[in-house]
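Please keep the sequence and the model open while reading. This briefing goes through a few local features.

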Amino acid sequence: MGITSPLYISIPVVTVAAVILLKIGNSSKIKSDSAIALISSSSLAIGAAVTSVTTGMNTDVCNMMFGSILAMSMADVYLSVAVSIIVAVLFVIYYRKLFVITFDENFARANGLKAGRYTNLIAILTALIIVVGMRMMGVMLISSIIIFPALTSMRVFKSFKKVVISSGIVSVCAFLIGIYLSYLYNISTGSTIVLVNLVIFIIFTLIEKIVYSE
Amino acid sequence: MEVLNIKNLCFSYPTKKNTLKHINLKIEEKTFNCIIGENGSGKSTLLKCILGLNKGYTGEIIKQNRIGYLPQKSEIQSNFPASIEEVVLSGTIADHIKSIFYTKEDKAKAEKIMKELKIYDIRKKCFADLSGGQQQRVLIARSLCATENLIILDEPTNGLDPRIARQIYELLDHLKKKDNITVLMVSHDIERALKYADNVIEIKEGKVVFKGKPSDYELGGAKK
């Protein structure tokens, strides 16, 4: 194994970045979408600058940018499984509170919920998922697997619970189909998964058109 | 009996000193109260102090029970996948805050309130797909789930057309009469506030400059 996995560094770094992003977004002087652009492009720039003075653009960097599920070590796999279980369990435990807070933070706070604590929790859970997914999907494509399943499910399902369950199923299916196709036709795994997601999104949009057209 | 008693409340934001200056206010039960005043006069700040969203005030706020709250509209809600049922049910969150799931009582409470507000038949619909008036009706239902007797609303008729706005006022009036709910709301619509409210409270530059019956307010206004 020799080399330690980048995950041990990237998990704490991304978690801290997520909390900082949240704080910037709250301070209303910079809107959160601009804050995201600010942090993500600057950190990408720092990364590129550091690589160019050290190793240069090699396969490892390319793997990080576009992901490589085959480059994952056994340790990475165990870590990913552990993180996934932790995230799923925490999500179920705090499901009600996370719903109230994301839907209406002021209402939640007026009802005595410690909103700050839970928005931090959401940020950290998302960060963990992103770090784990980054190893498979790469920096450039990770946002798509976070966003696609939810958007896809929202075409057809109209309640939070159904959207959550459907997103889970959609993303697992897209992943499995994507990996199979990429193996079959020798295409890069990350991009195949995103393309499968796109196809499912189009199918769901068509279903929406048919079902809700009456 | 009063459901809310505010004694000598003062509050400053870090960037804006003396937003509220020595507010004294009693809200009697089973009354419809409207807070009016210009933008930036401190109306919403007062509500936020009452609800405990603004910390660090001086003075005293005595609350009898939990309060149901209807905040100003937020952007997220217009694109959020949630059914009416889920939104109303979420109002019961504080009843069993430790529990992982909603209890049977929570569900029964939400169902009763949805039936009363005539949104039970559309409970599976998506909140974001509703009209503005229907959305406010759902949020009123949610605030009723959160309280026994007092709801606080922050400009609930903002952006609604006049006919729908009237329906909201009528609904609140109905809740007051039938369910003994005390209503405290911030309103920009002075005309309607005067028509439906039992008490009008005018705030100007952080001070209560008028408190009393709508008829007295109109007289005072005529003198000016």
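This is a predicted model: local features need pLDDT of at least 70, side-chain atom pairs count only at pLDDT 80 or more; totals for chains, interfaces and linings use all residues.

Residues are numbered from 1 along each chain as its sequence is written, chains are lettered from A and ligands numbered from 1 in the order in which they are written, and side-chain values use heavy atoms, with hydrogens and water left out.

**Helices α8 and α10 of chain A**

- Helix α8 (residues 142–156) of chain A packs against helix α10 (residues 189–211) of chain A at about 15°, with axes 8 Å apart.
- Axes are lines fitted to C-alpha atoms, for helices over the stretch in contact, and angles run from 0 to 180 degrees between N-to-C directions.
- Helices (H or I, at least four residues) and strands (E, at least two) are DSSP runs, numbered from the N terminus.
- α8(A) and α10(A) are therefore roughly parallel (angles under 35 degrees; over 145 is roughly antiparallel, 65 to 115 roughly perpendicular, the rest oblique).
- The contact (heavy atoms within 4.5 Å) includes F148(A) and L151(A) from α8(A), and F201(A) and F204(A) from α10(A).
- Its residues divide into 12 nonpolar, 5 polar and 2 charged (Ala, Val, Leu, Ile, Met, Phe, Trp, Tyr, Cys and Pro are nonpolar; Asp, Glu, Lys and Arg are charged; the others, Gly among them, are polar).

**Helices α4 and α7 of chain A**

- Helix α4 (residues 74–93) of chain A and α7(A) pack at about 150°, with axes 10 Å apart.
- α4(A) and α7(A) are therefore roughly antiparallel to each other.
- Among the residues that meet are V83(A) and V87(A) in α4(A), with L125(A) and L128(A) in α7(A).
- By class, this contact has 9 nonpolar, 1 polar and 2 charged residues.

**Helix α9 of chain A**

- The buried residues of α9(A) include F160(A), V170(A), F175(A) and G178(A) (buried: under 20% relative accessible area; exposed: over 50%; partly exposed: in between; 1.4 Å probe, protein chains only).
- Their cover includes α5, α7, α8 and α10 of chain A, together with α2 (84–89) of chain B.
- Just after α9(A), N186(A) takes a positive phi of about 60°.

**G206 of chain B**

- G206(B) lies in the loop between β8 (199–204) and β9 (207–212) of chain B.
- G206(B) counts as buried because its relative accessibility is 0%.
- G206(B) and N18(B) are 188 residues apart in sequence, yet 7.2 Å apart in space, C-alpha to C-alpha.
- Not counting residues up to four places away in sequence, G206(B) touches T19(B), L20(B), K21(B), I23(B) and S41(B).
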